[in-house]
Amino acid sequence: MLKVGIIGVGMMGRTHYEAYQKIEGVEVVAIADSDPKRADGDLAGTGGNLLQGGLARLPMDKIKGVQDYRQLLAMKELDIIDICTRTPQHAQMTVEALATGKHVLCEKPLGRTAAEARQMTDAADKAKGFFMPAMCIRFWPEW
């Protein structure tokens, strides 16, 4: 069983959570969000610009919620860290996540600049775990 921790459970984090529910052998066991309501599993209002409705509450009896993403990074039981925060946070969080030795998935875009993207890919080159940007559009049937 691969254990996932999601950082950022707004619209995209919710979308990733829902996708993980469809993958056999994968379980989301931790979330981190600076919003205390979301860190407690309340996803009401996370519709964003693409998705309306959807899951409004996470099963927090099976998921540990924290507000500081560094607490999530320190969780030894995690195999995968999934970063679904705002773009300006991607580079720093990805570099820190890769340093843990875990696999890391980061939402698009990688960073705001080519220099940030290079910082991330340089960290990935040295990392023990795999790194993948989440370029979801390539998997959409319309594309």
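Okay, one definition before anything else: buried means under 20% relative accessible area, exposed means over 50%, and partly exposed is in between, with a 1.4 Å probe and protein chains only. By that rule Met93 is buried, with a relative accessible area of 6%, and I'll come back to that residue.

Now the housekeeping. This is a predicted model, where local features need pLDDT of at least 70 and side-chain atom pairs count only at pLDDT 80 or more, while totals for chains, interfaces and linings use all residues. Residues are numbered from 1 along each chain as its sequence is written, and side-chain values use heavy atoms, with hydrogens and water left out.

So, the overall picture. The chain has five helices and six strands; helices (H or I, at least four residues) and strands (E, at least two) are DSSP runs, numbered from the N terminus. Reading from the N terminus, the order is β-α-β-α-β-α-β-α-β-α-β. The radius of gyration is 14 Å, close to the 15 Å from the globule rule for 143 residues, so the chain is as compact as a globular protein of that length. That radius is taken over C-alpha atoms, and the globule rule is 2.2 Å times the number of residues to the power 0.38. If you want a box, the C-alpha atoms fill one of roughly 40 × 35 × 30 Å along the principal axes.

A few more totals for the chain. Buried residues are 42% of the 143. The accessible surface is about 8,100 Å², and 54% of that belongs to carbon and sulfur atoms; areas come from the Shrake-Rupley method with a 1.4 Å probe, and for residues only the protein chains shown count as cover. For contacts, meaning heavy atoms within 4.5 Å, take the ones between residues at least 6 apart in sequence: 66% of those join residues at least 24 apart.

On to the sheet. In what order do the six strands line up? The order is β3-β2-β1-β4-β5-β6, in an open sheet with parallel pairing. β3 and β6 are the edge strands, each pairing on one side only. Two strands count as paired if DSSP finds at least two bridges between them. On average, neighbouring strands are turned by 25° against each other, direction ignored. Axes here are lines fitted to C-alpha atoms, for helices over the stretch in contact, and angles run from 0 to 180 degrees between N-to-C directions.

Beyond its neighbours within four places in sequence, Met93 is in contact with Ile7, Tyr69, Ile83 and Thr85. Ile7 is 86 residues from Met93 along the chain, yet their C-alpha atoms are separated by 9.0 Å.

The other helix I like is α1. Seven of its ten residues are buried, among them Met11, Met12 and Tyr20. Those buried residues pack against β1 (2–7), β2 (26–32), β4 (80–83), β5 (103–107) and β6 (131–134).

Last topic: salt bridges. The cut-off is a side-chain nitrogen of Lys or Arg within 4 Å of a carboxyl oxygen of Asp or Glu. How many turn up in the whole structure? The search finds five, and I'll walk through some of them.

Glu18 pairs with Arg14, with the closest N and O atoms 3.6 Å apart. They are four residues apart in α1 (residues 11–20), so about one helical turn separates them. Arg14 is buried at 3%, whereas Glu18 is partly exposed at 27%.

Next, Asp40 and Arg57 meet at 3.8 Å, N to O. Both sit in the loop between α2 (36–39) and β3 (64–66), 17 residues apart. Asp40 is partly exposed at 47%, and Arg57 is partly exposed at 42%.

Finally, Glu96 and Arg70 have their closest N and O atoms 3.1 Å apart. Glu96 is in α4 (residues 87–98) and Arg70 in α3 (residues 69–73), so this bridge ties together parts 26 residues apart in sequence. Here Glu96 is partly exposed at 22%, and Arg70 is partly exposed at 43%.
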